[in-house]
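Subject: Handing over a structure, with notes

Dear colleague,

Please keep it open while you read the notes that come after it.

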Amino acid sequence: MNKPLIGITTFREINQRGTYNSLNYDYVKSVLNAGGVPLLIPLVDEKSASEYIDKIDGILFSGGEDVAPFYYNENPTRQLGGIDYNRDRLELKLFNLALEKKLPIFGICRGLQLINVACNGTLYQDIDSQVDKVLGHHPNNVARNEFYHNVKIKENTKLKEIFNKELIFTNSFHHQSIKKIGDNLIVNALSEDGIIEGVEAKNLEEQFILAVQWHPENLCENYPEFLNLFKLFVEKAKKYGDNK
Ligand code: MN
């Protein structure tokens with residue numbers, strides 16, 4: 001009864017049959033398994049963002065393309081990947097409206113980067129060319145549901161509470177990462193080379209924001225402790241919905 005409605009952002013996929021708005025089904029499955037009702041948000045004009053925000057109880061910013069460096073006042077480097085301005089504009093609008101309403105927010109991979117940019121932070125456009133002694137973060141031909149590198153979780157963070165471990169293993173599919181941390185966010189996880197692998201709101205009681213650089217949705221089935229991220233987010237969304 002009264003399961004919370006969880007908005008999940010999608011990406012534009014153009015193939016021979018036309019334009020699609022797509023999402024890896026593991027996001028949907030993880031939200032379902034955590035007790036939420038997933039609602040995919042198509043790439044509509046940002047003017048429609050409030051229609052979605054008014055109806056949902058939590059929002060999950062999913063993985064995907066690079067955020068346009070225009071939104072953090074940088075010129076593109078030659079290693080920048082594909083960008084979608086339509087998606088950037090919509091997601092930035094969704095984020096700002098979610099903040100206004102104190103809607104619980106969860107970010108995964110690009111989602112973490114989008115949240116950081118929306119909070120006035122910046123990104124490394126390409127860690128391989130911009131970060132000294134960076135390790136591997138975007139392997140080719142590696143299963144998405146297997147571990148790749150380890151991540152150190154910081155003390156006194158919500159993430160530490162969730163995993164109750166100092167060191168975990170995660171998958172990794174990103175060539176960008178946070179450079180300057182955004183306002184009112186703190187780092188909760190780092191990889192051995194110093195790459196920021198997770199952030200959360202400074203004051204989680206005031207505004208629930210949790211985001212990770214890896215892909216927990218692909219790990220939940222093999223490693224159920226990763227579902228706890230979704231469970232906590234869905235729980236916060238339920239509380240939000242119950243008080244609406
Ligand atoms: Mn990584």
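This is a predicted model: local features need pLDDT of at least 70, side-chain atom pairs count only at pLDDT 80 or more; totals for chains, interfaces and linings use all residues.

Residues are numbered from 1 along each chain as its sequence is written, and side-chain values use heavy atoms, with hydrogens and water left out.

I would begin with the metal. The manganese ion is held by H137 (ND1), H149 (NE2), S172 (OG), H174 (NE2) and E197 (OE), at 2.2 to 2.4 Å, where donors are N, O and S atoms within 2.8 Å of the metal (3.2 Å for Na, K and Ca), and since water is not among the atoms, sites may look incomplete. Along the chain these donors follow the spacing H-x11-H-x22-S-x1-H-x22-E.

Next comes S62, which lies in the loop between β5 and α3 (85-101) and counts as buried at 1% relative accessibility. Leaving aside neighbours within four places in sequence, S62 is in contact (heavy atoms within 4.5 Å) with residues including I8, T9, Y27, R87 and R110. The side chain of S62 makes a polar contact with the side chain of R87, at 3.1 Å, and a polar atom of the S62 side chain lies 2.7 Å from the backbone oxygen of T9. A polar contact is a pair of N or O atoms within 3.5 Å; within protein, one must be able to donate a hydrogen and the other to accept it, and residues adjacent in sequence count only if both atoms are side-chain atoms.

The largest nonpolar core has 66 residues, of which I59, L60, I115, F163, W214, L229 and F230 touch the most other members; such a core is a set of buried Ala, Val, Leu, Ile, Met, Phe, Trp, Tyr and Cys residues joined through side-chain atoms within 4.5 Å. Helix α7 supplies the largest share of this core, 8 residues.

Finally, how many salt bridges does a search of the whole structure find? The search finds 17, a salt bridge being a side-chain nitrogen of Lys or Arg within 4 Å of a carboxyl oxygen of Asp or Glu. In one of them E221 pairs with K29, the closest N and O atoms being 3.0 Å apart. Because E221 is in the loop between β13 (209-212) and α7 (227-242) while K29 is in helix α1 (residues 25-33), this pair ties together parts that are 192 residues apart in sequence. E221 is exposed, at 62%, whereas K29 is partly exposed, at 29%. Another salt bridge joins K238 and D242 (3.1 Å, N to O), which are 4 residues apart in helix α7 and so separated by about one helical turn.

With best wishes

Notes:
Helices (H or I, at least four residues) and strands (E, at least two) are DSSP runs, numbered from the N terminus. Buried means under 20% relative accessible area, exposed over 50%, partly exposed in between (1.4 Å probe, protein chains only).
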